[in-house]
Amino acid sequence: MDKKWFVGVDLGGTAIKMAFIDRDGNMITKWEIPTNKTEITTDIANSIKEKLYELRQPEAKLAAIGMGAPGPVNLTNGVVYEAVNLGWKDYPLKDELERKTGLPAVIDNDANLAALGEVWKGAGNGAKDVICITIGTGIGGGIIADGNLIHGINGAAGEIGHYTSIPVGGIHCNCGKTGCLETIASATGIARMANEGIKDTTEPTILNSIKGEITAEDVFNAAEKDDPFAVNIVNYITFHLGIALANTANSLNPGRIIIGGGVSKAGEILRKKVEENFVEYAFPRVAEQCEILLASLENDAGVIGAALIAKISDLD
Ligand SMILES: [Zn+2]
């Protein structure tokens, strides 16, 4: 069969996103299933079979499967060194996935694959030097230098979320350190800052009218309306993001920095304030040529990037 499809899988803490993509990168279909931590590869294999049946396609229609895992990955054997949120330690994801699906599998880190997806089909527009930052529950990073995804010696390159932003007295991070960028500027960090800060502030803020926990989205919505308490938080987190991206860019001299993940839905207010701080803290020659953009694939970057590495690695 000449026109085979590739499967892209993006494994998240609450949902597993999947898609079939053709050789030219067109998405045939996408769907998601809930993450059941004990049955991940079985659920994926069953879900693929059901989808093929629904589309009236034979199993032979699929060429290979690519999958992003939320942690550093050994690229030679597809073992996930560690995925804290799933309780995985040295988990042989590639072997398990191949056994259950019967397809050749390629595994990489999810933020790396989202970066690849954005460069391939999204805001990266084929650029060769790109920094992608994914701001969601945590903060991930994917770095493409001279057209190559950077992995490092044990798969942990691009961990922008674990830059030390507060060297002394920062709060505890899931990685074991304190003061990581992720503890400040992730959706979780922003929400925590708002929920703690509102107890001490004497300033009137529209966030007082929110029943229950304040979310990062609430903070950005209030900042859009020039609420001073919310604007202060947005200024603080974009200051830290701007510095982190400026320091990363000073090493790489990229043409583009792409901001993705759930928090990037805040849109222009986030992009513009990150850009202002970036320009202030980056080496001038680095800042001059570097565009700061919002991701354009939103939630699809991960599955598209995953299908892409399956396609790149496909031997037939
Ligand atoms: Zn950390």
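Select residues 40-54 and 93-101: helix 1 and helix 2 have axes that come within 9 Å and cross at roughly 35°. Axes here are lines fitted to C-alpha atoms, for helices over the stretch in contact, and angles run from 0 to 180 degrees between N-to-C directions. Helices (H or I, at least four residues) and strands (E, at least two) are DSSP runs, numbered from the N terminus.

This is a predicted model: local features need pLDDT of at least 70, side-chain atom pairs count only at pLDDT 80 or more, and totals for chains, interfaces and linings use all residues. Residues are numbered from 1 along each chain as its sequence is written, and side-chain values use heavy atoms, leaving out hydrogens and water.

Stay on the pair. Helix 1 and helix 2 make a right-handed crossing (the near helix is turned clockwise from the far one by less than a right angle). Show side chains next: Thr41, Thr42, Ile44, Ala45, Ile48 and Lys49 of helix 1 meet Leu93, Glu96, Leu97, Lys100 and Thr101 of helix 2. Contact means heavy atoms within 4.5 Å.

Select 130-135 and 139-145: strand 9 and strand 10 are antiparallel, joined by 6 bridges. Find Cys132; Gly142 of strand 10 is opposite.

Methods. Pairing = 2+ DSSP bridges.
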